[in-house]
Amino acid sequence: MAIWLWLPALALIVYALWLGEGDYINFTACVWQFPLLATGMAALLICALSPRLPSRRVAIPGAAFIASIAYSAYLVQKLLIHGVAEFCRSQDIDSKSAPALIGVELCVYAGAAILFFAVERPFLQLRHRVAPRASRARS
């Protein structure tokens, strides 16, 4: 069944992104854009996990790392997007141009990687060292 989900999933994603286009945000876009996008992405995830599709057997280089820094990217994205927008404004670069959008992506990934390696990973390692001792102390 999952093999037939990819086309409706892509259609939902395209439609959701189309709803958000324009110079103003209307009520329909606000209400429907995120749920449609989330549903389309969930359907693509089902397709990716389907054993009948070749996408499950294809290793994507860097995907594990991107998944590792996803939470860090969530935490820093708004700050970095604003920073790049201010930089573009000061340099007379259109914030919707390809260089600006690529700059945003690169800055978010770089900031997320820095946050992951400087904060998240060391504290996860500390938790793994401390947690077994704490669970033995309760026993």
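**Pocket lining and helix arrangement in a predicted model**

By class, 10 nonpolar residues, one polar residue and one charged residue form the lining of the largest pocket. The model described here is predicted. The volume of this largest pocket is about 260 Å³. Two elements each give two or more residues to its lining, namely helix 4 (70–90) and helix 5 (98–138). The lining residues are Ile66, Ile69, Ala70, Ala73, Tyr74, Gln77, Ile81, Leu101, Val104, Glu105, Val108 and Tyr109. In general, empty space of this kind is found by rolling a probe the size of a water molecule over the atoms.

The protein as a whole has five helices and zero strands. Along the sequence, the order of elements is α-α-α-α-α. Of the 139 residues in the protein, 19% are buried. Among contacts in the protein with a separation of 6 or more, 61% are between residues 24 or more positions apart.

The loop between helix 4 and helix 5 was examined at two residues. Aspartate 92 lies in this loop, and its phi is near 60°, a positive value in a residue other than glycine. Most residues other than glycine have a negative phi. The relative accessible area of aspartate 92 is 74%, so the residue is classed as exposed, the cut-off for that class being over 50%.

Serine 97 also belongs to the loop between helix 4 and helix 5. With a relative accessible area of 19%, serine 97 counts as buried, because the class takes in values under 20%. A polar atom of the serine 97 side chain lies 2.7 Å from the backbone oxygen of aspartate 94.

Helix 2 (residues 27–49) contains proline 35. Its relative accessible area of 38% makes proline 35 partly exposed, since this value falls between the 20% and 50% limits. Proline 35 and leucine 12 are 23 residues apart along the chain, and their C-alpha atoms are separated by 9.7 Å.

Definitions and conventions. Residues numbered from 1 in each chain as written. Predicted model: local features only at pLDDT ≥ 70, side-chain atom pairs only at ≥ 80, totals over all residues. Heavy atoms only, no water. 1 Å grid on protein atoms, 1.4 Å probe; cavity = no way out; pocket = protein on both sides within 12 Å on 5 of 7 lines; lining within 4 Å. Points joined across faces, edges and corners; volume = space filled by probe spheres on them. Helix = DSSP H or I, 4+ residues; strand = E, 2+ residues; numbered from the N terminus. Nonpolar A, V, L, I, M, F, W, Y, C, P; charged D, E, K, R; others polar. Buried < 20%, exposed > 50% of the residue type's maximum accessible area, 1.4 Å probe, protein only. Polar contact = N/O pair within 3.5 Å; in protein donor to acceptor, adjacent residues only side chain to side chain. Contact = heavy atoms within 4.5 Å.
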